[in-house]
Amino acid sequence: MSRGNRIALACIYWAFVLYVFVPLILMILMGFKDSKFIGFPIRSWTLDWYTRIFSDAEVIQTFVYSVIISVLSTLISVAVGIWIAVLLEGRKFWGRAFIFGMMVLPALVPGIISAIAFRIYARWLEIEPGMGAIIWSHAVHNVPFVSLVVMARLSTLPKSQIEAARDLGADPLIAFLRITLPYLVPAILGASVFCLLLSFDDFVRSFFLGGYEPTLPVLIFAMLRSGMSPEINAISTVALVLTAAIGIWAERFTRKAKKGLT
Amino acid sequence: MSNEASASNAPDGLAKTEGERLFWGRLANWGPYQTLMSVVTLSPRRQFFILATFPILWLLTQHLGPMLQMLRVSLLDAYPIAPDVAQEFSLESYFKFFGDRIFWMPLFRTLIFAAVFTLSTLLITYPVAYFLARHVSRKNQMLMLLILLIPFWVGEIVRTYAIMILLGNTGALNLALKWLGLIDRPIPFMYTSFSMGLGIVYLTALYMLLPLYSALEKLPKSYNEAAADLGAGAWTRFRRVTLPLTIEGISSGCTLVFLISTGFYATPVLLGGPSTTVFAETIAGFFHVAGDEWPTGAAFAVIMFMVALLITGVFQRLMKSLRKGDSS
């Protein structure tokens, strides 16, 4: 391929990097502006907005609420997702395609439809809108991501290892707990972090299934509807730094774990 | 056995494996556990039954259940059902959709928007994926892909807000244009289909980039070299070799992005205006008010899902036939 082509493609790549980073960088900068008005140019800087949100009980409470929801929903998604993956991977049985289809369904349903389907179902089951309903909807929505990641990892597990364990007298459950599960650790970790982030960032399900107490994205949305303020930038920046840090850490950790275990 | 060999060098490791082994041994020899396992593992059939029951129940009640209940509610004449009134099935909610322009227009608009945004995402991310997969060394590939992933870990609302700051009347883009002397007065980017499109492409780009990247990465470089040896120019090589062989990636990326784009609610609310009302906002409207509008909302959601599935189904068929036609 010619040099000119290569340079043009490199330019497109870096332009794309700018496209995905610049809005976030601008948003972070705006959180340090010493004025209530959102807009450029920024003439003087301050940390006031950060001290304000860290002393705001509602923000802290919302943050804790969101973290609890994402941790609990992730635990459910991971447990169920692994179970489904173990059933589906490497087994042939009648109706497998249908079960696989049902497994991926929540990941394919557009956000608004998924949210209102959960809302209607929660009402039918008489689950009140609130924390339980949000946790449940996040858990169900995230199961396919766990199952797909775990299935991909499971397909690379040498069958001989399980057979060896069985020959040495391990029953299926112990073989699973001592051979399969440790082998799956990197996939489980990666999937868990992905679920945590999906749940923490989710807006539409939290919005339709929430009670009076908002999750962090719902709070930011509500604040935005009543006008932009640097306070929102500060909250968003904290959320951004946290999610990006967890994402990067997980990426590095899973890569290391994969190298160590295979 | 390799465990023991490595453990002999490290006394801590030995203690740990020893403790672990004791635990598993004790569990395996524990009476109740043995009874349980002998019941469970009696036959392969029973083992499978025990393994399969919970996942199948979960999938039926949690994954399929909400969709079926939504379908059921969409066919009721009122929901929630009043205590003394018999519930009746009716198609009224579906007729309502076709009866009024303010209902079907947003769906039409949503589908057009989603198609345009999907195509834009494809055109933007294809060169990026191509560059990463073909022109970057293996070692740098992961790093350069990882750089792109970072913004996508940030949530929908935060990224939408970032776009608002970029495009506002006193936003960075208007400031930059003014500074360059291109404009005197700020251009109202916000609350238009442009701001909405930029926001939605920002949210969905990753879902396109990853399938494209994995399709391009799998493609052996030798194919292109062979085509070059046979005298094909750069454009011909791309059109006749690379493009047909990455159609699967394009097809799955477009399907995913199209379905996701139709479902955004917060982004159109925050970035769009009155002229860009999407169907998600129409559907949501029925759930803000008291319960008796739920059947209509449910019916509209069913209509949107069916239409979106139909479009992606036809699209995938088309892509498949395109691929077959090219290879023959």
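Reader: What does a nonpolar core consist of, and which residues have the most contacts inside the largest one here?
Author: A nonpolar core is a set of buried Ala, Val, Leu, Ile, Met, Phe, Trp, Tyr and Cys residues joined through C-beta atoms within 7 Å. In this predicted model, the largest such core has 142 residues. The residues with the most contacts inside this core are I116(A), V150(A) and A301(B).

Reader: Which helix of chain B supplies the largest share of this core?
Author: The core draws on both domains of chain B, with at least three residues from each of domain 1 (2-74) and domain 2 (95-327). The largest share is 14 residues, and its source is helix α10 (residues 193-218) of chain B.

Reader: With which residues is V150(A) in contact, leaving aside its neighbours within four places in sequence?
Author: V150(A) is among the residues with the most contacts inside the largest nonpolar core. Once its neighbours within four places in sequence are set aside, its contacts are G81(A), I82(A), A85(A), L184(A), A187(A), I188(A) and A191(A).

Reader: What share of the contacts in chain A with a separation of 6 or more comes from residues 24 or more positions apart?
Author: The C-alpha trace of chain A spans about 75 × 65 × 30 Å along its principal axes. Of the 262 residues in this chain, 42% count as buried. Among contacts in chain A with a separation of 6 or more, the share from residues 24 or more positions apart is 77%.

Reader: Which helix gives the most to the side of chain B that touches chain A?
Author: The contact between the chains takes 71 residues of chain B and 70 residues of chain A. On the chain B side, these residues divide into 56 nonpolar, 14 polar and one charged. With 17 residues, the element that gives the most to this side is helix α4 (residues 44-74) of chain B.

Reader: How far apart do the C-alpha centres of domain 1 and domain 2 of chain B lie?
Author: Chain B is divided into domain 1 (2-74) and domain 2 (95-327). Their contact takes four residues from domain 1 and six residues from domain 2. The domain 1 side of this contact divides into three nonpolar, one polar and no charged residues. The distance between the C-alpha centres of the two domains is 41 Å.

Notes. Residues are numbered from 1 along each chain as its sequence is written. Chains are lettered from A and ligands numbered from 1 in the order in which they are written. This is a predicted model: local features need pLDDT of at least 70, side-chain atom pairs count only at pLDDT 80 or more; totals for chains, interfaces and linings use all residues. Two residues are in contact if their C-beta atoms, placed from the backbone, lie within 7 Å. Helices (H or I, at least four residues) and strands (E, at least two) are DSSP runs, numbered from the N terminus. Ala, Val, Leu, Ile, Met, Phe, Trp, Tyr, Cys and Pro count as nonpolar, Asp, Glu, Lys and Arg as charged, and the others, Gly among them, as polar. Domain bounds come from an automatic or database domain assignment. A residue is buried if 20 or more other C-beta atoms lie within 10 Å of its own, exposed if 12 or fewer, and partly exposed in between; C-beta atoms are placed from the backbone.
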